[in-house]
Amino acid sequence: MKAYWLATAAALAAAGCTTVPGDVESAPAATAVSAEDAVVSDLVSRMSLERKVAQLIQPQINSFTAEDMRRYRFGSYLNGGNGGPYGDEFAPASEWLRLADEMYDASVEPLANGEPAIPTMWGTDAVHGHTNVVGATIFPHNIALGAAGDADLVRRIGKATAVEIEVTGIDWNFSPTVAVAQDDRWGRTYESYSENPDLVAKLGAALVEGLQGRKGDPDFLGDGHVIATAKHFFGDGGTANGVDQGEVNGDIEQLIALHGRPYPATIAAGVESVMASFNSINGRKMHGNEALLTGVLRNRMDFDGLVVGDWNGHGQVAGCTVTDCAQSLLAGLDIYMVPDDWKALMETLVAQVKDGTIPMSRLDEAVTRVLKVKYRAGLLGADAKRPSERGYAGQFDKLASSEHRAIAREAVARSQVILKNNGVLPLRSGAKVLVAGTAADDIGQASGGWTLEWQGGSEYVMGGDAGKNGALFPNASSIWDGLKEAVTARGGSATLSLDGSFSARPDVAIVVFGEKPYAEFAGDQGDMVFRDEEGLKLLRSFREKGIPTVAVFLSGRPMWMNRELNAADAFVASWLPGSEGAGVADVLTGARPASGRLSFSWPADCNGKPVNGPEGALFAFGYGRSLEDTSPLGQLDESCLALESFDSSELFGSGRLASGVVAYAAGGNLSMASDMLAQMRGTSSAAGVAVRGVDRNAQEDAREITMQPGSRFGILQPEGGSGAYRITYQVQGRPTGPVSLTVANGDQTTTIDVTREFQHAGDKGWREMVVTAACAATLGNRIEFATGSRLTFGIASVSREDLPEGTECTF
């Protein structure tokens, strides 16, 4: 391949270009651009139709091999939120680098027909650090960085993240998210810096500069930098009712002024990639919206990089499927993110170019855009290197280095927002401190979604402390770790008591609680009420005993917290701080000032209506106390109709469990303790049950359950549900042993033998099961599957509904 680039360099020199590929930085800007155009146009002229189409195809690592790369020559590829090298999502960093080399080598192996072999590039979602990789630094999520409000801090985080990405040989980061979230019920609110578009623009541009380097600087996209992506263009934060991938309606110019505001700033910062959004604008999906992808982004905003799709987003365009969507390319998409169905889509696109559905000029335009980004990133040219030979590649000590951890700790401290303080903060020297709440020593919960796993990497590995300070988070400190160190250093004592019990009376109790990890649509809510009462009960218990309390609330958004605010003497919005819990302790002890200010308005009412500005806000945008501000907050109204009812209709759907519903795994011994499966995902080795997210209609909107002989899997809802169970399911293979379904109402149970039904359903796709009183007289709040042989089946939805009396059970 190097011989090809040397020949190209000679041709360029003969044409009067003084710059050769790979030596752009030393030349004047005009000459560098000329070299870029010449190199890319020469490559495009030499490529076959099939190789051009391959540049527009981006599969995920779980669905293809290096041999597939060698045969088809994909222009790029990605790892999904739960994907890892060689099928191991928790693989060590060295395996990520090994796979990067394998894919690169396969992509540049000389082609028999003399066509140029174009290096591929690997994209990843490193949205708050390189957090798909065990041992990397986990920075606070964007909502916390918005509360810190410092562009230089965000720029340093971007640089540290880029270094850690390069350590593992990856080229491209799908970050920053520059959504302007307007309805905090949205499950991606924590990926937004703020409800304020100017703050989002400032911090989004800063992260781009951190990841890529400053545009025009000699090290732009050089060693220690990666390709950045502004996403999701546009309006993802403005969907009706905060529904992920939903509809955005309104005057188009007003929508552009609000939700499009961050894009000119990131484009000016040199962002090389923009990702199309899942949502619709006034009824039209963005992945097929030429007026916006081309008319606004290209022509009005002067974006000259590449536009990449989101996970099968093109398949949502009217008239399209995942394997057939010329509309997206014609609208302005340059790369299809097609995780699994890449082969069929490639064949369709080739045929559509041949029959004229897609003009060759549009195909060449998209390929040119992709190759120009590769050129700027140093992937094209005589000096292009294998992933393992680049700047920081293989320097695994850079993962969670002391420098990067210090930046993360600073970010945590500067993002803490004090909403209430009756004088208990800062903690006094020599105090006896009790730390309570199950989140206090759980780094996964403090990190939230997009951490090791797409939906978060906390409670999904059962047994021991692997989900806390063990194998999954080797370079991290929990909030408890930080408090213990800080309190004892000041002459005090610190005790961890998750349930709040104690033998020696403490001077103060710190209660750490909050939202469990979630991502995307799994985090959508119907209102802004926080219903988990663990923290509330602890705060009230300590108050009854006359013990002062500090509430540390972990969340991806502001929520209605009036009960907890009343019960606590101090209340800290800690957001999702990540791997440096010591940063929380820095503020609570006064080692750092409390400088965080709300980047989102905090709701006063529990009605779920969006709050953007002072109207309806308990605490307005920009609010935050110093440690010295001990003015009383006053008693807040605790009435909330939303707390008085439980919606029992849908227990599981769209990839998430309803509030209060839990999934569990257990062994055959009925006295054996059950393992909880947060968001119906995880592995219980003792019980012999593994549950993973799979795609049915959207990314991981269903679950695949694999059960070993003698295992049990169940779903438990709060009291109050009624009606028949309706379950959408599929069975893989024919079970060879007995399968049963138990429906329980307290201690009363009905067990149904469904062996024949499951054998009949084997490999016949998705079907529906309806369980009524006709076969389960004890319809109650728990259902449980048990098996006598290995069983793999899927569940897409579970709901309760009232059906006419006498309705028969069906499977």
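This is a predicted model: local features need pLDDT of at least 70, side-chain atom pairs count only at pLDDT 80 or more; totals for chains, interfaces and linings use all residues.
**Helix packing.** Helix α7 (residues 151-167) packs against helix α15 (residues 402-415) at an angle of about 145°, and their axes are 10 Å apart. The crossing of α7 past α15 is left-handed. On the α7 side the contact is made by Leu153, Arg156, Ile157, Ala160, Val163 and Glu164, and on the α15 side by His404, Ile407, Glu410, Ala411 and Arg414. By class, this contact of α7 with α15 has 6 nonpolar, 1 polar and 4 charged residues.

**Sheet.** Three strands form an open sheet in the order β2-β3-β4, with parallel pairing. Strands β2 (76-78) and β4 (172-173) are at the edges; each has a single partner strand, so one side of each lacks a neighbour in the sheet. Strand β3 (residues 121-124) pairs with β4 in the parallel sense over 2 bridges. Thr124 stands opposite Asn173 in β4.

**Aromatic pairs.** The structure holds 24 aromatic pairs. Two of them are listed here.

| Pair | Distance between ring centres | Angle between planes | Class |
|---|---|---|---|
| Trp96 and Trp122 | 5.8 Å | 20° | stacked |
| Tyr729 and Phe758 | 5.5 Å | 25° | stacked |

Trp96 lies in helix α5 (residues 93-108) and Trp122 in strand β3, 26 residues apart, and the pair links distant parts of the chain. Both Trp96 and Trp122 are buried.

Phe758, with a relative accessible area of 0%, is buried.

Notes:
Residues are numbered from 1 along each chain as its sequence is written. Side-chain values use heavy atoms; hydrogens and water are left out. Axes are lines fitted to C-alpha atoms, for helices over the stretch in contact, and angles run from 0 to 180 degrees between N-to-C directions. Helices (H or I, at least four residues) and strands (E, at least two) are DSSP runs, numbered from the N terminus. A crossing is left-handed if the near helix is turned anticlockwise from the far one by less than a right angle, and right-handed if clockwise. Contact means heavy atoms within 4.5 Å. Ala, Val, Leu, Ile, Met, Phe, Trp, Tyr, Cys and Pro count as nonpolar, Asp, Glu, Lys and Arg as charged, and the others, Gly among them, as polar. Two strands pair if DSSP finds at least two bridges between them. Rings of Phe, Tyr and Trp (its six-membered ring) pair if their centres lie within 6.5 Å; planes under 30 degrees apart count as stacked, over 60 as edge-to-face and the rest as tilted. Buried means under 20% relative accessible area, exposed over 50%, partly exposed in between (1.4 Å probe, protein chains only).
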